[in-house]
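Here is a note for a colleague who is meeting this structure for the first time. Please read the points below with the model open.

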Amino acid sequence: MTIIEAKNISYKYPDGTKALNNVDFVVNKGNIVALLGPNGAGKSTLFLNFNGILEPTEGKVFVDGKEILYNKKSLLEVRQKVGIVFQNPDDQLFAPTVEEDVAFGPLNLGLSQEETKNRVVDALKRVGMEGFEKKPPHHLSGGQKKRIAIAGILAMKPEIMILDEPTSGLDPKGASKILKLLKELNNEGMTIIISTHDVDAVPIYADFIFVIKNGKIIKKGSSHEVFDDISVIRDANLRLPRIAHLIEILEKKDSFKSSDAYPLTIGEARRYFAEE
Ligand SMILES: Nc1ncnc2c1ncn2[C@@H]1O[C@H](COP(=O)(O)OP(=O)(O)OP(=O)(O)O)[C@@H](O)[C@H]1O
Ligand SMILES: [Mg+2]
């Protein structure tokens, strides 16, 4: 079942920059979808079209089968379903303390003080930021801010969570914790859409991948469909996952023979070697 659909959307910024060009983007309910592409490709712009922060210059966006109409009622409905974690947490965090910031969304949804409190405690715990409740967000480190921004959206329990480079700036353990959290939320039924440059993580977590460049979708498909297309990988300033790169080198330089597609994850590599 489709949960988000952008039909042939284009977006032009007021200064004339055409950031999106006839983009079709479909997300199935319950999937983890990754959006890859070089800097300036249009990833953040596309995401802002998914909950009506930006209105496409051409084309339409549907959430749960309903067209976004850009009036108060429609936008309110959309924003209850679609939560976006911005690329830059400074665009998102604004309250005097961490707990007030994370509580803002749930209170705005009309939840009780008690339910809000529970959600704040739970969200901070899940991003590993318990103990920071009273701190002003602007006194936090970059990675800590990122986690609070994620907690703030998480506390609203949206049906669809969109995260614009959720692991950038996080230390390796923090990044892996966030990715595991996303997988957990996904297992609980949440649809997840992320943009990322982390090509090692994408084949582990993503059910489906889109690649964007110059505002156009240049490839979509499974991890193998995307990463087996070397010209797209090169064209989009991406690289192969390290594990696939290792196998490529073993084949080319150490006459290791295999006719299969390169494994993209450690799990796939283990099976690959076990079968040799
Ligand atoms: N507010 C704005 N006004 C004018 N042009 C903009 C604005 N925001 C972004 N752009 C332009 O739109 C294009 C797409 O930018 P966008 O931020 O969507 O890229 P991105 O794929 O998210 O890049 P990154 O990987 O660096 O985050 C770029 O050419 C950018 O310069
Ligand atoms: Mg961006």
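This is a predicted model: local features need pLDDT of at least 70, side-chain atom pairs count only at pLDDT 80 or more; totals for chains, interfaces and linings use all residues.

1. Residues are numbered from 1 along each chain as its sequence is written, and chains are lettered from A and ligands numbered from 1 in the order in which they are written.

2. The protein holds eleven helices and ten strands, these being DSSP runs numbered from the N terminus (helices H or I, at least four residues; strands E, at least two). Its C-alpha atoms occupy a box of roughly 65 × 45 × 35 Å along the principal axes.

3. Helix α3 (residues 98-108) packs against helix α4 (residues 113-126) at an angle of about 125°, the axes being 9 Å apart. The contact is formed by E99, V102, A103, P106 and L107 of α3 together with E115, T116, R119, V120, A123 and L124 of α4, where contact means C-beta atoms, placed from the backbone, within 7 Å. By class, this contact has seven nonpolar, one polar and three charged residues; Ala, Val, Leu, Ile, Met, Phe, Trp, Tyr, Cys and Pro count as nonpolar, Asp, Glu, Lys and Arg as charged, and the others, Gly among them, as polar.

4. Around ligand 1 there are 13 residues, of which Y13, N39, K43, S44 and T45 come nearest; a residue is near if its C-beta atom, placed from the backbone, lies within 6 Å. Helix α1 (residues 43-49) gives the largest share of this shell, three residues.

How values were computed:
Axes are lines fitted to C-alpha atoms, for helices over the stretch in contact, and angles run from 0 to 180 degrees between N-to-C directions. Two residues are in contact if their C-beta atoms, placed from the backbone, lie within 7 Å.
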